[in-house]
Amino acid sequence: MFGDLRRYDTGSPWGVDWFREWLDEILPEPGATDIRAVPRGTYPMINIGRTDDAVRVYVFAAGLTAGDLELSLQDNVLTVRGERQVVPDEPEGDERRPYFRRERAGGSFARSIALPEGLDADRAEARWRNGVFEITLPKREELKPRRIEIQSA
Amino acid sequence: MNEITRQEATRQPQVQESEGSRDERDRALQPPVDIFEEGNALHLLADLPGVTPESLSIEVDNNLLSLEGEIRLEMPEGMSAIYAEVRAQRFARRFTLSHEIDSDAIEARIENGVLHLQLPKKPSHQRRRIEVRAA
């Protein structure tokens, strides 16, 4: 579903951005190339979705368990903080293990991300499964979409 | 208003089906990996958040190792994305194995979205210590 978002970014509703399109054509990039693109190796990556009654934040934090991630919400800014050890400890007494690739991010991290206004932080819930943390932040009652009935005069 | 957003939300997947659905489906993220050698085996660690043991497929064809995993998220119906850094449904990456890897003995396990592959070397390529004897 989040794959759809790319379509909105690449389309240019404010007129045809021919130069960018031409550049994209001659220099195709495997990843997304817009203002929201994050550098390769960003950890953890974050997706946010919205339903009628809640905002859901997905934190893609492979290798972390429930106790490893600290979540806090202040003034609609969500901060995720934690630390991860990327590889198991080296066996004792052995010589250093030779590495061929090191691409996974390790150590401590903190990311903050602004959320829409009007979320009820007191009723927030977080779940965790297969390395993805899902945070559900219900919208406050007055911000939910409402249907207005039209009455005949 | 509510009805309008709903309609749009249901219309989008159809648009996606008709134009460029192939592109959407084929796009895969390249997972970051660590590869190191320890105890007569190569170890490969890959970050595959959201991939379950069921949605992960590992194949070895000759010397080509393919990893592919679908990101499975529980998403409520009618959800629209407002921000996304992960913009694909799956991870995929390929590696060429050297001839010293015993492809029949590869072991894999995935835990909390981290895949750990153990690629043992063939016995004939394992490191041997040669004792030096006094003459």
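Okay, let's start with one residue: A:K139 has 20 C-beta neighbours inside 10 Å, so A:K139 counts as buried. Keep in mind as we go that what you see here is a predicted model.

Where does A:K139 sit in the chain? Look at the segment after β8 (132–138) of chain A, and you'll find A:K139 there. Now, which residues does A:K139 touch, if we don't count those up to four places away in sequence? You get A:D53, A:A54 and A:V55, then A:G118, A:L119 and A:D120, and also A:K144. Take A:L119 from that group: A:L119 and A:K139 are 20 residues apart along the chain, yet their C-alpha atoms are separated by 4.5 Å.

Let's step back into β8(A) itself. What does β8(A) pair with? On one hand there's β2(A), and those two pair in the antiparallel sense over seven bridges.

What is the strand order? It's β3-β4-β6 in chain A, an open sheet of three strands with antiparallel pairing. Why do we say β3 (69–74) and β6 (107–114) of chain A stand at the edges? Each of them has a single partner strand, so one side of each is left without a neighbour in the sheet. From one strand to the next, the twist averages 15°. Between β4(A) and β6(A) there are eight bridges, in the antiparallel sense, and A:L78 stands opposite A:I113 in β6(A).

The largest nonpolar core has 44 residues, and the ones touching the most other members are A:V57, A:V59, A:F60 and B:L115. Which elements supply at least two residues of this core each? From chain A, those are β1, β2, β4 (77–84) and β8, and from chain B they are β2 (41–47), β4 (64–71), β6 (90–96) and β8 (114–120). β2(A) gives the most, with six residues. Zoom in on A:V57: leaving aside neighbours within four places in sequence, A:V57 is in contact with A:I46, A:I48, A:L78 and A:I135.

That takes us to where the two chains meet. How many residues of chain A are in contact with chain B? The count is 42 residues of chain A against 38 residues of chain B. On the chain A side, α1 (5–10), β1 (45–50), β2 (54–60) and β5 (99–102) each supply at least two residues. The largest share comes from β1(A), with six residues. By type, this side of chain A divides into 20 nonpolar, ten polar and twelve charged residues.

β5(A) and strand β1 (residues 33–38) of chain B run antiparallel, joined by three bridges. To find this on screen, look for A:Y99 opposite B:F36 in β1(B).

A quick word on chain B. It has two helices and eight strands, and from the N terminus on, the order is α-α-β-β-β-β-β-β-β-β. Chain B has 135 residues, and 25% of them count as buried. Among its contacts between residues at least 6 apart in sequence, 54% join residues at least 24 apart.

Last topic: confidence. The model scores ipTM 0.72 and pTM 0.72. Chain A averages a pLDDT of 79, with 69% of the residues scoring at least 70. Which element of chain A has the lowest confidence, and which the highest? α1(A) is lowest, at a mean of 48, and β8(A) is highest, at 94. Over residues 7–13 of chain A, the pLDDT is below 50, and that stretch has two contacts beyond near neighbours in sequence.

For chain B, the mean pLDDT is 80, and 81% of its residues reach 70 or more. Over residues 1–22 of chain B the pLDDT is below 50, and that stretch has eleven contacts in the model beyond near neighbours in sequence.

Methods: Residues are numbered from 1 along each chain as its sequence is written. Chains are lettered from A and ligands numbered from 1 in the order in which they are written. This is a predicted model: local features need pLDDT of at least 70, side-chain atom pairs count only at pLDDT 80 or more; totals for chains, interfaces and linings use all residues. Two residues are in contact if their C-beta atoms, placed from the backbone, lie within 7 Å. Helices (H or I, at least four residues) and strands (E, at least two) are DSSP runs, numbered from the N terminus. Ala, Val, Leu, Ile, Met, Phe, Trp, Tyr, Cys and Pro count as nonpolar, Asp, Glu, Lys and Arg as charged, and the others, Gly among them, as polar. Two strands pair if DSSP finds at least two bridges between them. A residue is buried if 20 or more other C-beta atoms lie within 10 Å of its own, exposed if 12 or fewer, and partly exposed in between; C-beta atoms are placed from the backbone. A nonpolar core is a set of buried Ala, Val, Leu, Ile, Met, Phe, Trp, Tyr and Cys residues joined through C-beta atoms within 7 Å. Axes are lines fitted to C-alpha atoms, for helices over the stretch in contact, and angles run from 0 to 180 degrees between N-to-C directions. pLDDT is the predictor's confidence in each residue, from 0 to 100.
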